[in-house]
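Please examine the model shown here.

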Amino acid sequence: MRLPPAILANAEEVLREILRFAAPADTTLSRYFKDHPRLGGRERGAIAESVYNVLRNKNFYTDFSEAGGGATMRRLTLLGMADAVGLESLGGVSEDEAAWVTRIMEIDRKLMHKSSRSNMPLWLFEKLVAQYGEEETLELADSLNQPAPLDLRVNTLKANREEVIAKLAEAPIRATPTPFAPQGLRVLQKPQLQNLPLFKDGHIEVQDEGSQLLSALVAAKRGEMVVDFCAGAGGKTLSLGATMRNTGRLYAFDVSEKRLTKLKPRLARSGLSNVHPVVIAHERDAKIKRLAGKIDRVLVDAPCSGLGTLRRNPDVKWRQKPEAVAELQAKQAAILDGAARLVKGGGRLVYATCSVLEDENDFIAKQFLETHPDFELIPMSKALAEQKIELEMGDYLKLLPHKHQTDGFFAAVFERKPMPKKVKEEVDEVEAE
């Protein structure tokens, strides 16, 4: 059954707005669908997927859409929609348009210039080539331009992985264990989970396998005091709480009350009662100062460029600017410094980003060690082995979609050296002032 011709007009309208890059693509799409309630589920899916196809393939599509007759935006929309649902499913397409789309789809992209083939802005392509070399950058770019699979985390307070696999199969939804995260499942389809009893009752949460590994590196234990310093909507907070078996005290800090509000329904489903969401003004907030030197483990999932999440958010590569990355570095260093003050002697600090840029990753970790002699690096190979996670890494965790089938993630694990008693007393006096 063909989609009605009006769907192309709808897709073109919302695409035009999204390509202004004034707001995240998913936010603009949600608002558009809210303003157009008559669009059915199939139509919404086709429009959304066509938009994301254009965002993933913007360089390639634009090169050909700007050549020849017809409006560029119409041509962009046709390419995105044909890639999403197939040309034969589109109503209102002329013979000339169909022939043009078919010709473009048959082009061998490997013959294109490498920076165009990457479908990245030139500044990002060049930066990644400097890090990884041209060949691996193209592999990385190809994987970042593919839609991500759906990963789930099993809430061990309520179920185990085998039970959840069996329950999902009844739906029927096929899920397989993730290769690295011990409580992870990968679903290759994109089912609607919201109405499943497993989801409503808090047995599962949507969480990329890479994100689950970050939580595992914190190595939180029962009865400890733990801080998720940039908690956001709380995916890692929930994972940490389950690892702690709902004991101890787990603080979820964030500067955004709106983000922490999204944590509340997830907390209710999870069954956790040891989580304490706290809105902070900045990394030097007095609420943080009161906990200085008292926390066993701190996770800093720092604000970053988000360039490791392009499989899910392809618009980020077009909205992000190189000067913004430089500004983020100062913020990341300040946040990590603020979080470090919380850690007790012998305690653990994990710095993480969802970026693939060394500017936000290795650079920040090395700078932190240079300016904080009271901390030492725990090699990632050792930190992973402690958690019985079979994954080969050096000093840092560097997850990449073309190698590990996760989003792009970085992590460094630090440990605060035990403080001599006299020094600790002096620090306590300073912190109390």
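## Basis of the model

This is a predicted model, in which local features need pLDDT of at least 70, side-chain atom pairs count only at pLDDT 80 or more, and totals for chains, interfaces and linings use all residues. Residues are numbered from 1 along each chain as its sequence is written, and side-chain values use heavy atoms, without hydrogens and water.

## Helices α4 and α5

Helices (DSSP runs of H or I, at least four residues) and strands (E, at least two) are numbered from the N terminus. Helix α4 covers residues 58–65 and helix α5 residues 72–85; their axes come within 9 Å and cross at roughly 130°. Axes are lines fitted to C-alpha atoms, for helices over the stretch in contact, and angles run from 0 to 180 degrees between N-to-C directions.

Angles under 35 degrees count as roughly parallel, over 145 as roughly antiparallel, 65 to 115 as roughly perpendicular and the rest as oblique; α4 and α5 are therefore oblique to each other. Tyr 61, Thr 62, Phe 64 and Ser 65 of α4 make the contact with residues of α5 including Arg 75, Leu 76 and Asp 83, where contact means heavy atoms within 4.5 Å.

## Strands around β3

Strand β1 (residues 150–154) runs antiparallel to β3, joined by four bridges; two strands pair if DSSP finds at least two bridges between them. Arg 153 stands opposite Gly 184 in β3. Strand β2 (residues 175–177) also pairs with β3 in the antiparallel sense, over three bridges, and the two form a hairpin with six residues between them.
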